[in-house]
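Here's a quick briefing on a predicted model. Take a look at the sequence and the 3D view, then read on.

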Amino acid sequence: MAEPSWQELLRLRLAERNNTESAFAPIIEQYRRLSQQTKLLKERNATLLRAVGSVKGTPNMTGSGEDNPVRAAYLSSLETQISSLRDELANLYKTQGQNAQRLLSMNETLREKEELSRIDSEHLRKARDEIASLRRKVDQHAELMAEKDRTVQILHDEISTSLLELSQVEERNQTLAKDNAKLLQRWLDAKQVEANRMNEANEFYENMRTRHETVVSWREGSGNEGVTSNPASPDSSRPASGSGKDLGGPDLPIVMRKTGPVPPTVQGVNLTPNG
């Protein structure tokens with residue numbers, strides 16, 4: 001959940017104040033040390049001045065005695081400086097120890113970071129190898145897809161050509177089917193005409209055979225009567241028909257059919273049952 005606007009504004013102002021105050025912290029620390037050193041120097045000078053004043057007040061004292069106040073004041077000042085220096089040295093040792101500890105921790109952190117960096121570098125190398133392999137695969141797939149597209153285009157062209165040829169073949173088949181139907185109808189018509197002619201020929205043959213049998217029977221009857229009445233007549237063998245001609249002889253008249261004259265093979269007496 002987001003913080004209210006006034007709390008965010010207060011936090012930003014406090015952070016800005018802390019940054020502003022911490023910007024001059026080293027300078028303030030230096031001034032504090034200088035003020036401490038100045039205070040110590042002032043105290044030492046004051047001690048020395050008091051010692052010099054006491055020496056001037058007692059002229060019988062010599063400057064080389066052990067109870068020389070100037071020397072005592074100087075020694076006390078030196079002891080104070082030594083103690084302050086020892087404190088500073090202790091602080092420096094303490095700071096050095098802290099820095100050494102921080103250095104060790106930083107070295108350990110640096111070693112861990114280097115190990116992490118090495119692992120990351122190894123992962124990065126593997127990732128780059130995988131990327132290169134994937135790029136090669138992508139290029140291969142792109143080439144394969146391009147080849148498939150070309151093959152598909154060729155197949156489309158072949159299919160279009162095949163469809164065009166198929167349509168032409170179907171049109172040709174339809175034309176041939178119509179021609180075959182026409183030829184079959186013509187053939188059937190021709191066979192029907194031939195069958196009609198054959199039927200007419202058979203009918204004509206049956207008619208002629210009936211007539212021939214009638215003539216033969218009539219001739220036989222006439223012959224028998226002529227032999228009985230006038231056996232010496234030279235014309236007794238000839239029929240007494242109105243035409244005076246034998247239907248089976250060479251003077252047989254041409255019989256007309258509905259479709260035209262009967263061919264000579266039909267007009268002769270040597271007709272067969274098949275016409």
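How much space lies in the largest pocket? About 510 Å³. A pocket here is an open set of points on a 1 Å grid over the protein atoms alone, where a 1.4 Å probe fits, with protein on both sides within 12 Å along at least five of seven lines. Points are joined across faces, edges and corners, and the volume is the space filled by probe spheres set on them.

**Ground rules**
- This is a predicted model, so to speak of local features takes pLDDT of at least 70 and side-chain atom pairs count only at pLDDT 80 or more, while totals for chains, interfaces and linings use all residues.
- Residues are numbered from 1 along each chain as its sequence is written, and side-chain values use heavy atoms, with hydrogens and water left out.

- By type, the lining splits into four nonpolar, six polar and four charged residues (Asp, Glu, Lys and Arg are charged; Ala, Val, Leu, Ile, Met, Phe, Trp, Tyr, Cys and Pro are nonpolar; the others, Gly among them, are polar).

**Fold and surface**
- The protein has four helices and two strands, in the order α-α-α-β-β-α along the sequence (DSSP runs: H or I of at least four residues for helices, E of at least two for strands, numbered from the N terminus).
- Accessible surface comes to about 23,300 Å², with 57% of it on carbon and sulfur atoms (Shrake-Rupley, 1.4 Å probe).

**Confidence**
- Average pLDDT is 77, and 71% of the residues score at least 70 (the predictor's confidence in each residue, 0 to 100).
- Over residues 227-275 the pLDDT is below 50, and this stretch has 42 contacts beyond near neighbours in sequence (heavy atoms within 4.5 Å).
- Among the elements, α3 has the highest mean pLDDT (88) and strand β1 (residues 256-257) the lowest (40).

Notes:
On a 1 Å grid over the protein atoms alone, a cavity is a set of points where a 1.4 Å probe fits but cannot get out, and a pocket is an open set with protein on both sides within 12 Å along at least five of seven lines; lining residues have an atom within 4 Å of a point.
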